[in-house]
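Subject: Structure handover

Hello,

Here is the structure I promised to pass on. Please open it beside this email; my notes follow.

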Amino acid sequence: YLLVEEPARRIRLPTLRWLGVGVLLSGTVVASAVLVVVLAPTTTGSGAAARLAPAAPGAQAHLAVRRAVAAGLEVKAVPRNVTPAPADAADSLPPTSRNGCHAGFAAVSQGACAYGDVAARRTVVLFGDSHVEQWLPAFDAVGSRQRLRVVSWTKAACPAAGLPVRNPALNRAYVECDQWRTATIDKIRRLRPALVVVGQSENVASSSVPPDTFAAATVATVRRLGLPAGRMIYLHDIPIPGEDLPGCVADNLEDVGACGFARSDAYTYPDRHEAVASAVRAADVRVVDPADWLCAEERCPAVVGNVLVYRNESHITVPYSRWLAPALWSSVRDAARASAPSPPTQEP
């Protein structure tokens, strides 16, 4: 404003001379833009191209995943075909984040939100916050192969646990979360699905909430759903890096091992993590723990094969979720069968 606009207003030049000045300035802008593009740091890997082979179904899926995760810890240079690219990771979102099926802060209801085989007789429902929504790509793939209708009813920053939370973005009590949870539980009960998969972030509640309180609130929701044994699974929270992993990868393209993190540090509230699992098991609901799909015995890699694992500091990318479909379904199906006293009306 001071160096260009104001002096330009005061200068009186003939039209042709103004035209020359304009051409000169335009050329300067173009040259500067080209220079920025040329000199901008790359965010694309320079390592050898890699391929994450599809995991076989059944028990072999778990072995394949563990081997691939362990191999991920040995990767040094980021593969040149890494997907998504670190710069694009934030957009690696399930479709529900774009069409309203992952309810925003103000929303208290959703539509049918069906995926997988939408015409199938058997229905699986995903219920919770974004930490269960991130598994939709895996369940969508499973649903298409196993003839399952997958209904995804999730809400941003709203835990499955039946306790009031405060929303920092709204700067007030998150009453919409309580309203959504009540309404969605009623919808699930009316739907009578073959299986409900409950999940949530353990970080969404304040640090002042004791582990036992968070666990008891989770069990309260499980009981409100009113489903018999074998018709509900609790999908435990994932290990989280606690920092923006794509940003770290972009800064460490030649040595991505620097972005791995210790499995022992992967839970912000380890006591809460353990309390929830114990309480849910005591309520006769099986727990599926995804930790081994993201971490080896001691550390968790940022890249597995050619796939970037995390899209931010606490969610996995769509390609990684989809790749884990065989291992996820094997665990969920086996857990449901093991907990059912007799075959359910609609066996998952």
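A contact here means heavy atoms within 4.5 Å.

Confidence

The chain averages a pLDDT of 90. Of the residues, 85% score at least 70. Two stretches need care. Over residues 34-41 the pLDDT is below 50. Beyond near neighbours in sequence, that stretch has zero contacts in the model. Residues 343-347 also stay under 50. For them the model has 10 contacts beyond four places in sequence. Where pLDDT is low, the predicted coordinates should not be read in detail.

Helix α8

Helix α8 covers residues 211-225, 15 residues in total. From its first C-alpha to its last it reaches 22 Å. That is close to the 21 Å expected at 1.5 Å a residue. Which residues of α8 are buried? They are F214, A215, A217, T218, V219, T221, V222 and L225. What covers them? The cover includes strands β3 (123-128), β7 (195-199) and β8 (232-235). It also includes helices α7 and α10 (270-282). Just after α8, G226 takes a positive phi of about 65°.

Disulfides

How many disulfides does the structure hold? There are four. Counting bonded cysteines along the chain, the pattern is 1-2, 3-4, 5-6, 7-8.

C101 is joined to C113, with an S to S distance of 2.1 Å. The torsion about this S-S bond of C101 and C113 is about -95°, so the disulfide is left-handed. C101 lies in the loop between α4 (96-99) and β1 (102-103). C113 lies in the loop between β1 and β2 (114-116). The pair therefore ties together parts that are 12 residues apart in sequence. C101 is buried, because its relative accessible area is 9% and the cut-off for buried is under 20%. C113 is buried as well, at 6%.

C158 is joined to C177, with an S to S distance of 2.0 Å. Here the torsion about the S-S bond is about 85°, so the link of C158 and C177 is right-handed. C158 sits in the loop between β4 (149-155) and β5 (166-167). C177 is in helix α7 (residues 175-191). C158 counts as buried at 0% relative accessibility. C177 is buried too, with a relative accessible area of 0%.

C295 and C300 form a disulfide, their sulfur atoms 1.9 Å apart. Is this link left-handed or right-handed? With 95° about the S-S bond, the link of C295 and C300 is right-handed. Both C295 and C300 are buried.

Serine 130

S130 is found in helix α5 (residues 130-133). Is S130 buried or exposed? S130 counts as buried, at 14% relative accessibility. Which residues does S130 touch, not counting those up to four places away in sequence? They are H102, K155 and H315.

Best wishes

Conventions:
Residues numbered from 1 in each chain as written. Predicted model: local features only at pLDDT ≥ 70, side-chain atom pairs only at ≥ 80, totals over all residues. Heavy atoms only, no water. Disulfide = S-S within 2.5 Å. Helix = DSSP H or I, 4+ residues; strand = E, 2+ residues; numbered from the N terminus. Buried < 20%, exposed > 50% of the residue type's maximum accessible area, 1.4 Å probe, protein only. Expected span 1.5 Å × (residues − 1). pLDDT = per-residue confidence, 0-100.
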